[in-house]
Amino acid sequence: MHRAAKTLAILGMALAFAGCGFKDLDKRFFVIAVGIDEGKTAPYKVSLKLAIPSPKTEPGEAKFQVITQEAETIAEAVRLAKSKVDKEFDFGHAQLIVIGKAFSDDHELGHSLDWFFRRRDIQMISYMGIGVPDAEAVIKTKPLSERLPGNGLILPFSKEGTESPYLVPVHLFDYYRMWKYKGKDPFLPVIKSEPETFIIENVVILKGTKKKLELSPDETSIFNQLARSYPRFAMKAQVQNKWVTFTGTRLKVSYKILTPAGGTPEVRFRVSAEVESEDAQRPLFDLSWTQLERLVAAEMKDQMLALLRKFQQNGVDPIGLGLHYRATRHQGDAEYGKWQEIYPEVRFSMHVQVRFKGTGVIK
Amino acid sequence: MDQKAVEYLQRSHDFRKETLDNGRFKIELLYFTTLCKPDIIQKEIAHPFLLTDTPEAFETVLSSALFCKSMEEDADPTESLLEGFVVIVLNGKRFKLRAPKPGNDKIGEAVIETTLQGPQSALSEDIDTNLMILRRRYPSADLVAESFKLGKVSQTQSYLVYDRSKAVPQVIDDIRGKLQRIDADVVASAGQVEALITGTKYRWIPIMTISERPDRAIFNLAQGKFLIVLDGTPFVLIAPAVFFDFVSAMDDVYQSFVVTRSLVMLRYLGIFVTMTLPALYVAVVSYNPEIFRVQFALSLAGSRAAVPYPSFVEVFIMLFLIEALLEASLRLPRYIGSTATTVGGLILGQAAQQAGLVSSVMIIVTSAVAISNFLIPITAMSFALRIAKYPLIVLAIMFGLTGVVCGMFAVTLYACSLKSFGVPYFRMFIGEPAVSGYKEGDPY
Amino acid sequence: MSRYFYYLFWLSLLINTIFFVPRLLMNERFNGSIMSVALGIVYGSVCAIIFVLSMNQFPGEGLPEILKRYVPDWIRVPSLLFLGGMFAIAGSLILIAFSMVTLRFLSPETNPAVMLLCYCGLGCFAACFRPSAILNINEIVLLVNFPFIFYIMYKSVTSRDIDWDSIQVLSDYALKPPNLIAFAAATYPFTGYLKLVLYNRIFKKLKIKHLWLIPLTGLLVMLSSFLSPVGLLGVDSVGEYLYTWISTADTLRMQFGFIQRVVFLFLFIYIGFSLLYITTCWNIYVNFVTDAIGKTTITVKSRKIPVQVLASLAISVITLVSGFRTSDKGMLDFVIGWQYIRLATEALLVISVVWFALLRRRQKRHA
């Protein structure tokens, strides 16, 4: 009896001062996406997309609420935003970080985003992107088919839903690592807000942490191929004055950096791809496949070289050539300085090998 | 003759004291009509008595009869009488003849541990029948049955049965000592014997198997384990037991290897689910909703939207309902039982959710917990594990997921530290002899 | 039976390649970590193998029995207490580190004291069990978790986000001379074999076989635990992460998993492993203290209390208090200091056990 009383007392005490982390999930607001913009009165305007759970999930029925708050820092803005809602924010599901276009034009995107890197509850695998016209607009967009709030944005990024060649997802940790790398420049995809949908079709290349270059959708696709060997690309080429669209089924990109003594340094790309024709204005089956392959190869080569030269002219290196240089040379800390000297003069060469796999189900 | 004892017994109306007279001499018979079979008295006593001429000749007849012993001069006959003996008084000399009425020796169908295609009959409630079954199925000269009387009042007949060539002598000595030290008035069932021979009062997980199946009994005999067979109950106690014994059904021996292994895996999974699921629900809902993908977290939150109180209240409500339902359907007469289940299961669950008392996910959790609990073949274990979820829920309330993992660790460690008669109870590779061809490992 | 030895070894390997060691190694990644790791693997394996071979000379005897045989009491008792203390600290460090990790990543709103209390309470409860029960639970927890560990390691090495260039950059620094702290850190994961000082008691007949597993598994685990953070977090930024491996695990994603973030799977596994490690270390400490005192119970206020319980209570309270007062930075400083002492102790212990084994062989030959 005595012992039972003691046990109860201890248990009661433990219960009394434990359980302060106890907060049911209906007392929490899941923050699905965070947007950062330039504020009118303060440096930051933070928008939070809060999911409103409902017992029924039907297409187009996703409910959410957007809270915006301006403040000196992100942390402060979040704290102030708390006073606008009745539940506690839970950032555990914040899978998307949107940076407004205006903000990204004027600010460096490194230390200003420190809050995201430092918070323990922001996933390292959240996706990042630049919002056009601004982050708040992107966050407020409500796609028609959305069943759960945020799905419309998260699914394309995670490639669970659509798989687009124009989307180059960037995770938070990846961005941080690119920012800190000597020899690789970060990039971010651009999310354009439309009334009832999003367009994610190009990327922005940063120099260090400042915005430097915006690619066109076609360039983005090429960049996706170069940097990530993304095989699902599509390309148009003229075959005997008729347009033919080819799609990739397999792609392998590798490169070597050659620095012959005395000669010009060279980056030698080797690309091997397998393509199929998807949409042709004339029959292809009876043409010479070797020629088709050559044609595609030439087209790819041109596009890739053009993009690489563009990077070079702008002094950015999102592919990580510099990192590769560091990886393959053995001079320790001096390498990066050397690479910076070399890079503007580097010559690119490209060997593209294409195999034409077939014409689809008709000739 | 101890007159006092006889008079004391004569208070019961089923006690008989009769005097037989064949004209030449007289004998006196003392017996309980309810305990003794009249046929035997007729055949062994009355009939020869009629034919014999002298008391000496009758004495010879008695001595030559089966199950008849002469008694000490002034021994108390009460005990023998109560065991179904007939006491014969002949010229002041006393003999006792065993003439028991058989108890319930019908062999029932196995209902607690059913198998699909194994032997269908269980043990009976009569100890001699049970021993007969065992001997039939295990015709080995090494099979030893040592007799014990358990309980100061009940004097329950019991046998310690083991295979002399396979059992570990220390284990047998150990159990023999424990059986002799039993100090209770009434011993009625196998589970009670287990309680009586376990040292500590605070028992949780059973460390002896209780089974009604003769095939399980003999498989275990062949593994070198001992059985305690008890009169009046169709269950035997089997020890030393390891945890694996409680998750193996007899069907496992009769099915193919792959099927068996998958079923055992399924049961372990069931054990895990039945122990942790409610605690995990509390921990996830109240501490770490970010663990699951966002889509799931949102629908969970949606289903909980109508529930006005914290997750653990909800869990306790549903668990109370389900436990009450289980207990009720167990103890109720069979015909009412099924009604209770229908009422409780179907109507209450639906209504509770619609009334906003519990979330729909919680109903799934509850039924998953109950169903996976039924996967455990030995009832003693499934009862023990039904309790295990409550401490885990408390830990989940206090510490969240960490608490659940810590609790599971503590439970595992507790099980690991148990020993059943010197045999480690809970291990990965149990190392028992493979008598059925399905268990293998290095011997302990 | 020698599998039990490997469980102890692997537990230590898996635990220590996750906590302080990567942080220490990453700090020195441009200053000789790689060489230190290489040397550490060799040194650790050699120590482990000769220690095991020496202990095989004493079947069924732990260090307390061996010491009793060869040294006088005034050496035996203090050295047992000291070694027990070292094991206790090893366990406590993991306990405090892990309570910090869970506080940060699993339940940030929980009171730190409560979390520590949870762990300390469990450790205190668990340390007093029989050594054979501890070995059993080692087996169960490790074997149940191995598939997940393999999965995470496989996932981290084959992740499409892993940057091999980043790892290759480190090759420039491979020939930098090793430094002591990185070396000490690199040898630490191998110290699981030391647990044989107690658990050898249970290995009555069997000698430990397949010793080649020690360097092989050591190499594999060390490499993946050293290299995948570099590849995933980036060679230039990996040093900035405080919880190197937790952050590394957070970069992985199970696309079709019920749990989407690998980090949670990782945390669950490591709660189990940490508890196991704490239990094992404290169990050794508790048994050593009991042996050093030479009594099994002490009478406190006319009640007999087992020494084991007192010892484990003591360490729990100490851990609770120090865990409550320390911080990330204080811990790291302490660990660095402690690593030096540990390295010296380990060397001394191995040498003396080898010495005892040689004595034993000579005795046997003469007898």
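Colleague: Over how many bridges do β4 and β5 of chain B pair?

Modeller: This is a predicted model, where local features need pLDDT of at least 70, side-chain atom pairs count only at pLDDT 80 or more, and totals for chains, interfaces and linings use all residues. Residues count from 1 along each chain as written, chains are lettered from A and ligands numbered from 1 in written order, and side-chain values use heavy atoms, without hydrogens and water. Strands are DSSP E runs of at least two residues, helices H or I runs of at least four, numbered from the N terminus. Two strands pair if DSSP finds at least two bridges between them. B:Leu90 stands opposite B:Lys93. The strands, residues 85-90 and 93-98, pair antiparallel over six bridges.

Colleague: Which strands stand at the edges of this sheet?

Modeller: The open sheet has five strands, ordered β1-β2-β4-β5-β3 in chain B. An edge strand has a single partner, so one side is left without a neighbour. The edges are β1 (15-21) and β3 (68-70) of chain B.

Colleague: How much area is buried between chain C and chain A?

Modeller: Buried area is the accessible area (1.4 Å probe) that two parts lose on being put together, summed over both. Contact (heavy atoms within 4.5 Å) takes 36 residues from chain C and 38 from chain A. Carbon and sulfur atoms give 48% of the buried area, which is about 3200 Å².

Colleague: Which residue forms a salt bridge with A:Lys184?

Modeller: The rule wants a side-chain nitrogen of Lys or Arg within 4 Å of a carboxyl oxygen of Asp or Glu. It finds three salt bridges across this interface of chain C and chain A. For A:Lys184, the closest N and O atoms are 4.0 Å apart, and the partner is C:Asp163.
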